[in-house]
Amino acid sequence: MRQELLSLPKGLAEEVSRNLVMVARLIDEDPEQAYAYARIALRLASRVAAVREAAGFAAYATQKYSEALAEFRASKRMTGSVELWPVMADCERGLGRPERALAMAGEPEVQKLDKAGQVEMRLVAAGARRDMGELDAAIVTLQSPELASNSVQPWTARLRYAYADALLAAGREDEAREWFAKTLEADKDGATDASDRLAEIDGVEFVDAAAVEEEEEADLADDLDDADDEDEDEAEVAAAERAADQAEYYDEDDEEYEPLDEADVDVTDEIVVVEDDERDKA
């Protein structure tokens, strides 16, 4: 990629490089945002094969298979490499054309792929068989020396998982369990959900502690809100009762109700203190 970008003016190369870095950083966690960066890079340098490839993977991640296929084809024309052949075939599957994916699996380009690419092509071909309802054929397609090997390679977990999933879909539960267990042995990074599939087969239900704690906290917050609402309701009722009592005590329609005229009150009147001797004389 660096060599390809050197063909661009320095400032442009730096701008394109920044966008490609963002594509790589976001493609797994935020594919739509990665796609947006890829489109910027594509506008800036559409004649760079690495840019077309990155745009293809960004489109593929957002399930824009027709666009992805066009970008992959453009990159292949520019480089002459067949490295993208399996993902191009998978785009055909995404477009609802599994028969084309199978045809690509039989093309001479497959023989030019490295071992990882050939395994990937086998996975795509098996997926195409399943798309066509040929489940048994999909199982046979996955049976290979790479599947039988005890050595763990980068593709091992995915290959074993696909095989286990196909077996389970065919109703061969015991065999499927065995291969999900083998997947788990090879899946050191947790790239698959083989452990969950094993638990599902065994009827084991896992409890998400974090989810339970979050639910309990939400329930507690609801209880506190309800308590606050009850306190507010009680306060409002008490205030209303006091207001009603006061209104009843000072009912203006009552014959004995005599409002005090402010004019009758002289705040300047002196308070006379009568001594006990004077009270006796009186």
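In these views, a helix is a DSSP run of H or I with at least four residues, and helices are numbered from the N terminus. The model shown here is predicted.

**View 1. Helix α5 from end to end.** Helix α5 covers residues 65–79. Its 15 residues reach 21 Å from the first C-alpha to the last, close to the 21 Å expected at 1.5 Å a residue. After α5 comes Gly80, which has a positive phi, near 75°.

**View 2. Helix α5 meets helix α6.** Two packed helices are described by the angle between their axes and the distance between the axes. Here, the axes of α5 and α6 (residues 85–94) come within 9 Å and cross at roughly 155°. Angles over 145 degrees count as roughly antiparallel, so α5 is roughly antiparallel to α6. Their crossing is left-handed.

**View 3. The residues where α5 and α6 touch.** On the α5 side, look for Tyr65, Ala68, Leu69, Phe72, Arg73 and Lys76. They meet Trp85, Val87, Met88, Cys91, Glu92 and Gly94 in α6. Sorted by class, this contact has 8 nonpolar, 1 polar and 3 charged residues.

**View 4. The buried residues of α5.** Ala68, Leu69, Glu71, Phe72, Ala74 and Ser75 are the buried residues of this helix. Their cover includes α3 (31–44), α4 (49–61) and α6.

**View 5. A look at Ser75.** Ser75 lies in helix α5. Why does Ser75 count as buried? Its relative accessibility is 2%, and buried means under 20%. Leaving aside neighbours within four places in sequence, Ser75 is in contact with Ala49, Arg52, Glu53 and Leu84.

Key. Residues numbered from 1 in each chain as written. Predicted model: local features only at pLDDT ≥ 70, side-chain atom pairs only at ≥ 80, totals over all residues. Heavy atoms only, no water. Axes fitted to C-alpha atoms, helices over the stretch in contact; angles between N-to-C directions. Helix = DSSP H or I, 4+ residues; strand = E, 2+ residues; numbered from the N terminus. Parallel < 35°, antiparallel > 145°, perpendicular 65-115°, else oblique. Left-handed = near helix turned anticlockwise from the far one by under 90°. Contact = heavy atoms within 4.5 Å. Nonpolar A, V, L, I, M, F, W, Y, C, P; charged D, E, K, R; others polar. Expected span 1.5 Å × (residues − 1). Buried < 20%, exposed > 50% of the residue type's maximum accessible area, 1.4 Å probe, protein only.
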